[in-house]
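Here are a few notes to read alongside the model. Have a look at it first, then go through the points in order.

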Amino acid sequence: QVGLGFARMRRTLADCQALTTVIHALHDTMSDVNMHMCHIGNDGLTCIIPALNQTTALTGLALSNNSLSDDVAADLGDVIRHNSPTLRTLSVTSNSFSDHGAAQLHRYAPTCQHLTALAFGSSSTSRLSRQATRDTLYPILAACTKVDTLRVVSCSLGGEGVAALIEQVRHLRLTQLSLRDVG
């Protein structure tokens, strides 16, 4: 198994094109893609998506803090669907997804039966509404019963929403729960 780790390293579109070649070449052994805080934007992700849709062993996908928006949410949702049999960790927080984008992005996450770590949410400038959080996050938590690490970031929950979230995770064996900017 091979992992690509470029966390906190700013990547250009040319870098993303080169990464696409590497991911294509290693499609059957690529286990982890960690591009947290690489600032690849929609163009960089659009370049990488076809390669991610060819992987057969991807267990981890970290794309937080990459200036991604609704324009790539549906395509990224397809990556999640394609990799759902093997995906164990998913982190796409601190991007600029709206309520609609979050729904598109996470529509297949409930099919990730082996998901053990999930970072859910948006950015402080693009908070998810209470309704979107409930409609998107709760089905994932109901279906993905192996989640033991949960981070919820920049979602409008309020006091009763936090209580409802706690009720939703009661059946899970969480070892880590992090709620940030969920007022």
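1. Let's start with His106, which sits in helix H4, the stretch covering residues 99–106. Keep in mind that this is a predicted model. Is His106 buried or exposed? Its relative accessible area is 3%, and the cut-off for buried is under 20%, so His106 counts as buried.

2. What does His106 touch, once you skip its neighbours within four places in sequence? The list is Leu90, Val92, Phe120, Thr136 and Ile140.

3. Now for a contrast, go to Gln1, found in the segment before strand S1 (2–5). Gln1 has a relative accessible area of 72%. Over 50% is what it takes to be called exposed, so Gln1 is exposed.

4. Next, a pair of helices. H5 runs over residues 130–143 and H6 over residues 158–169; their axes come within 10 Å and cross at roughly 10°. Angles under 35 degrees count as roughly parallel, so H5 and H6 are roughly parallel to each other.

5. Which residues make the contact between H5 and H6? From H5 there are Arg130, Leu137, Tyr138 and Leu141, and from H6 there are Gly158, Gly161, Ala164, Leu165, Gln168 and Val169. Sorted by class, the contact has six nonpolar, three polar and one charged residues.

6. Zooming out, the chain has six helices and seven strands. Follow the sequence and you get the pattern β-α-β-α-β-α-β-α-β-α-β-α-β. The radius of gyration is 15 Å, close to the 16 Å from the globule rule for 183 residues, so the chain is as compact as a globular protein of that length. Along the principal axes, its C-alpha atoms fill a box of roughly 45 × 30 × 25 Å.

7. A few whole-chain numbers to finish. Of the 183 residues, 48% count as buried. Among contacts with a separation of 6 or more, 87% come from residues 24 or more positions apart. As for the surface, the chain exposes about 8,000 Å², and carbon and sulfur atoms supply 51% of that area.

Key
Residues numbered from 1 in each chain as written. Predicted model: local features only at pLDDT ≥ 70, side-chain atom pairs only at ≥ 80, totals over all residues. Heavy atoms only, no water. Axes fitted to C-alpha atoms, helices over the stretch in contact; angles between N-to-C directions. Helix = DSSP H or I, 4+ residues; strand = E, 2+ residues; numbered from the N terminus. Parallel < 35°, antiparallel > 145°, perpendicular 65-115°, else oblique. Contact = heavy atoms within 4.5 Å. Nonpolar A, V, L, I, M, F, W, Y, C, P; charged D, E, K, R; others polar. Buried < 20%, exposed > 50% of the residue type's maximum accessible area, 1.4 Å probe, protein only. Rg over C-alpha atoms; globule rule 2.2 N^0.38 Å. Areas by Shrake-Rupley, 256 points an atom, 1.4 Å probe, with all protein chains shown as cover.
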